[in-house]
Amino acid sequence: MKIFITRLKSHNSSLKSQTTMSGKFILIPTPLGDLNTETLPQYVVAHIHQLDTFIAERAKTARHVIKSTQPPRAIAELNIMEMQEVSPTVDFMVVKAILESGKNIGIMSEAGCPCVADPGSEIVTWAYANNFEVMPLVGPSSIMLALMASGMNGQSFAFQGYLSAKREEIGRDLKKMEDTARRLHQTQIFIETPYRNKQVIEAALATLSSSTLFCIAADLTTDTEFIQTHTIAVWKQKKIPDLHKIPAIFLLEVSAP
């Protein structure tokens, strides 16, 4: 028994040493609007400036964001790997070596928070499996901002991701979400590629019940921000702005009878 306890203490000490000495993954939110860096808390910018290694959804976008924060070192000196290039069998060995050297690695998506409606979760899963720490930083999230401004149920909500890629199935997906919202008394949140916004809005007006609340939140945190919530009946009477190719989040809620 004494030998077992000694070994257990030694094992825990070893794990603690690895956690203390190794680097960690820093999950870095990025602006929703182009170079809208004033939406980033100062401590996020400070973390960016301390890092020299990043894993990004797209290296070009990451360089753009980092440069806009006026980093203390040249962009050319930074090591920026793209997520599609990192896999558990290839570059994760490189990543592991960097972390074990004591350096932190930043993870950045195209906009908003990494791992939320964006890639990065595979890397985080790998980190925990290999006893590396993960630190999420506070920053802009289009999903949370839209929910806050929608006036809908913030106690129970679900993010449903993207609708079907097939145009004829968009209405079916919307009705399914409406049924779920009615059954669970739950706000339904979804996103679409910006060039399909018009199709989604047209399908919502044609498919959803007239009393269902529908929120459109577009270009969040920018000068052209648009957020409104109305019933489908009211939306049909309003002139909806042209949101083609503009990032948008959609929400719906079924009012209590």
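Mentor: Let's begin with a cut-off: a residue is exposed when its relative accessible area is over 50%, buried when under 20%, and partly exposed in between. Keep in mind that this is a predicted model.

Trainee: Okay, so why is H185 called exposed?
Mentor: H185 has a relative accessible area of 56%, and the label needs over 50%. So H185 counts as exposed. You'll find H185 in the loop between α7 (170-184) and β7 (187-191).

Trainee: What makes the phi of H185 worth a remark?
Mentor: The phi of H185 is near 55°, a positive value in a residue other than glycine. Most residues other than glycine have a negative phi.

Trainee: Which label does A117 get, and why?
Mentor: A117 comes in at 36% relative accessibility. Buried would take under 20% and exposed over 50%, so A117 counts as partly exposed. A117 also has a positive phi, near 60°, and sits in the loop between β4 (105-108) and α5 (121-129).

Trainee: How do you know that the buried residues of α5 are on the same side?
Mentor: The buried residues of α5 are I123, V124, W126 and A127. They cover an arc of only 160° around the axis, so they end up on the same side of α5. In an α-helix there are 3.6 residues a turn, so residues three or four places apart point the same way.

Trainee: What is on the other side of α5?
Mentor: T125, Y128 and A129 are there, and they are exposed.

Trainee: And what covers the buried residues of α5?
Mentor: The cover includes β1 (25-28), β2 (53-56), α4 (92-100), β4 and β5 (134-136). After α5 comes N131, with a positive phi near 65°.

Trainee: Which residues form a nonpolar patch with M148?
Mentor: M144 and F157 do, and the three residues together have about 310 Å² of accessible area on the surface.

Trainee: How about the protein chain as a whole: how many of its residues count as buried?
Mentor: Of its 257 residues, 43% do. Its secondary structure comes to nine helices and ten strands. The accessible surface of the protein chain is about 14000 Å², with 54% of it belonging to carbon and sulfur atoms.

Terms used:
Residues are numbered from 1 along each chain as its sequence is written. This is a predicted model: local features need pLDDT of at least 70, side-chain atom pairs count only at pLDDT 80 or more; totals for chains, interfaces and linings use all residues. Side-chain values use heavy atoms; hydrogens and water are left out. Patches are made of residues with over 30% relative accessible area and no salt bridge: like charges are joined within 9 Å, nonpolar side chains (Val, Leu, Ile, Met, Phe, Trp, Tyr) within 5 Å. Accessible areas come from the Shrake-Rupley method with a 1.4 Å probe; for residues, only the protein chains shown count as cover. A salt bridge is a side-chain nitrogen of Lys or Arg within 4 Å of a carboxyl oxygen of Asp or Glu. Helices (H or I, at least four residues) and strands (E, at least two) are DSSP runs, numbered from the N terminus. Buried means under 20% relative accessible area, exposed over 50%, partly exposed in between (1.4 Å probe, protein chains only). The arc is that of the directions from the helix axis to the C-beta atoms. Contact means heavy atoms within 4.5 Å.
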